[in-house]
Amino acid sequence: MPTGAAGGPAATEPFGVAVVGCGNISKQYLKNLTTFPDVRVLFCADIDTGRAKAQAAAYGVPASGSVEQALEHPDVQLVVNLTIPAAHAEVASAAIAAGKHVWNEKPLAPDVAAGRALLEQARAAGVRVGCAPDTVLGAGVQSARRLIASGSIGTPISALALLQGPGPESWHPDPEFLFAKGAGPLFDLGPYYLSVLATLFGPTTRVAAISRRARDTRVIGSGPRAGTEFNVEVPTFISAVAEYAGGAAGSLLFSWDSPLQRMGFLEVTGTEATLAMPDPNHFDGDLRVRRAGDREWTVIGSTGAAAGRGSGVVDMVRAIRRGEPHRASGEMALHVLEMMTAIERSGSTAAFEPVESGFDAPAALAEDWNPYAADV
Ligand SMILES: NC(=O)c1ccc[n+]([C@@H]2O[C@H](COP(=O)([O-])OP(=O)(O)OC[C@H]3O[C@@H](n4cnc5c(N)ncnc54)[C@H](O)[C@@H]3O)[C@@H](O)[C@H]2O)c1
C-alpha cells in the first residue's frame with residue numbers, strides 16, 4: 001500500500017477497515033462498507049471466529065479471525081466496533097492502544113466515566129473516535145436541518161419524541177444484552193432520537209424522568225433459543241423531559257412495556273409551524289409541516305444521500321484525510337450518553353439531574369454529499 005505524508009496510506013487509497021463483532025447489525029455495515037470506495041474492509045473479527053469467517057466469506061472480505069489479529073493487521077487503520085454494548089469500551093480501548101481510529105456502535109460506552117476515558121485515550125494517542133447513530137447524516141435529518149435553517153418553522157421551541165412497543169425479544173435471537181445494564185429502550189433506541197435533537201438543538205443542560213419496569217423476566221421469541229426466559233435488568237418505560245442550552249424543551253417517551261407499537265415519532269415545534277421528522281432510526285423519509293390553521297400536513301420530500309449504516313465511517317475517513325472534524329463525533333455520543341445516564345439517575349432520584357458535557361455542533365452535510373463516489 002503506498003504511503004502518504006504522515007506515514008498513512010496515500011490520500012487516494014481506500015482506508016483500511018476491520019469490522020469487529022459480526023452479529024446481527026454487521027450485515028448492514030458490511031453490505032455498505034464493501035461498496036463505499038473510500039474504505040476497504042480488510043478483516044472481520046469476533047470472539048466467535050466462526051461468525052467472523054462466515055461474514056468475511058459472505059461479503060468478500062479477504063481475512064478473518066480474532067480481535068487481536070484484527071488489531072495486529074498493519075493495514076487496518078480504523079476499527080468498526082459492532083460488538084455488544086458491554087464490550088464497546090473494552091474493544092475500542094484495545095483498538096486505540098493499537099493505534100487505530102474507532103467507529104463505535106451506540107452507546108459509546110457502558111457509563112460516562114468509561115466514555116470519557118475512551119475519548120481521552122484517543123486524544124492522547126492522536127486517533128479519532130466516531131460513534132453511531134449515523135442516521136443523523138441521512139437525507140431525512142439533513143433535509144430537516146436545511147428546512148429549519150431556512151426559517152420555515154420559525155424559532156424551534158420544543159420537541160416531542162415517542163417510541164413505544166412490546167420490546168425486541170420477539171425478533172432478536174440473542175436479546176439478553178438489550179435488557180442488560182447499558183441497554184433498555186433508553187440506551188438502545190434513545191441515541192437515535194437524542195442524537196437528532198442534539199444535532200438540531202445542541203447540548204442539554206438538565207433532565208428529569210420517571211421510569212418503570214413492567215416485568216422482571218422476558219422470553220426469547222425467535223431463533224434456536226426461543227422459549228428461554230431471561231432477567232430484565234433495566235427500566236423498560238422511561239418518560240423524561242430535557243432542557244436544551246439554547247432554550248428549547250424536549251418531551252421524551254421510551255417504552256418496551258407497550259403492546260401498542262409506535263416507532264419513529266419525532267416532532268419539532270417552532271414559533272411558526274410543527275415539523276414531523278422522518279423516523280430517526282432511518283436514513284431517509286418525508287418531512288411533514290403543519291402551520292397554524294392548516295387542516296392537513298404539507299409533505300416535503302427529503303433530499304441528499306441515504307446510504308445507510310457506515311455513512312458515518314465514510315464521513316470520518318474523509319474528515320481524517322482533510323484534517324477536519326467528523327460529524328458523528330465521540331464528543332456528541334458522550335453527551336448523549338451523559339444525558340441518558342442522567343435520565344436513568346433521575347428515574348431513581350426523582351430530581352432534575354444536570355448534564356454538563358458539551359460538544360461542537362456537527363457541520364451540515366452538503367446536499368450532494370455522496371459516499372458512493374471516491375473523495376479525491
Ligand atoms: N440489531 C440491530 O438491529 C442493531 C441496530 C443498530 C445498532 N445495533 C447495535 O449494534 C451492536 C451489535 O448489535 P447486534 O444486534 O449486531 O448484536 P449481536 O449480539 O447480534 O452481535 C454482536 C457480536 O459481537 C460479538 N462480540 C461480543 N463481545 C465481543 C468481544 N469482546 N470481542 C469481539 N466480539 C464480540 C458477538 O460474538 C456477536 O457476534 C449493539 O451495540 C447494538 O446496539 C444493533
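Reader: At what angle do the axes of helix α5 and helix α9 cross, and within what distance do they come?

Author: In this predicted model, the axes of α5 (residues 112–125) and α9 (residues 330–349) cross at roughly 165 degrees and come within 9 Å.

Reader: What makes α5 roughly antiparallel to α9?

Author: Angles over 145 degrees count as roughly antiparallel. The crossing angle is roughly 165 degrees, and therefore α5 is roughly antiparallel to α9. The crossing is left-handed.

Reader: Which residues of α5 and α9 meet?

Author: From α5, Val112, Gly115, Arg116, Leu119 and Arg123 take part, and they meet Gly330, Glu331, Leu334, Leu337, Glu338 and Thr341 of α9. These residues divide into 4 nonpolar, 3 polar and 4 charged, and Gly is counted among the polar ones by definition.

Reader: Why is the space lined by Cys131 and Ala333, among others, called a cavity?

Author: The term cavity applies because a 1.4 Å probe fits there but cannot get out. This largest cavity holds about 100 Å³ of space. Its lining has 16 residues, with Cys131, Ala132, Pro133, Ser195 and Ala333 closest to the centre. Helix α9 gives the most to that lining, with 5 residues. The lining divides into 13 nonpolar, 2 polar and 1 charged.

Reader: What makes up the lining of the second largest pocket?

Author: A pocket, by contrast, is an open set of points. The second largest pocket, with about 400 Å³ of space, is lined by 17 residues, and Arg128, Pro325, His326, Ser329 and Glu331 lie nearest its centre. They divide into 8 nonpolar, 3 polar and 6 charged. The largest share, 3 residues, comes from α5.

Conventions:
Residues numbered from 1 in each chain as written. Predicted model: local features only at pLDDT ≥ 70, side-chain atom pairs only at ≥ 80, totals over all residues. Heavy atoms only, no water. Axes fitted to C-alpha atoms, helices over the stretch in contact; angles between N-to-C directions. Helix = DSSP H or I, 4+ residues; strand = E, 2+ residues; numbered from the N terminus. Parallel < 35°, antiparallel > 145°, perpendicular 65-115°, else oblique. Left-handed = near helix turned anticlockwise from the far one by under 90°. Contact = heavy atoms within 4.5 Å. 1 Å grid on protein atoms, 1.4 Å probe; cavity = no way out; pocket = protein on both sides within 12 Å on 5 of 7 lines; lining within 4 Å. Points joined across faces, edges and corners; volume = space filled by probe spheres on them.
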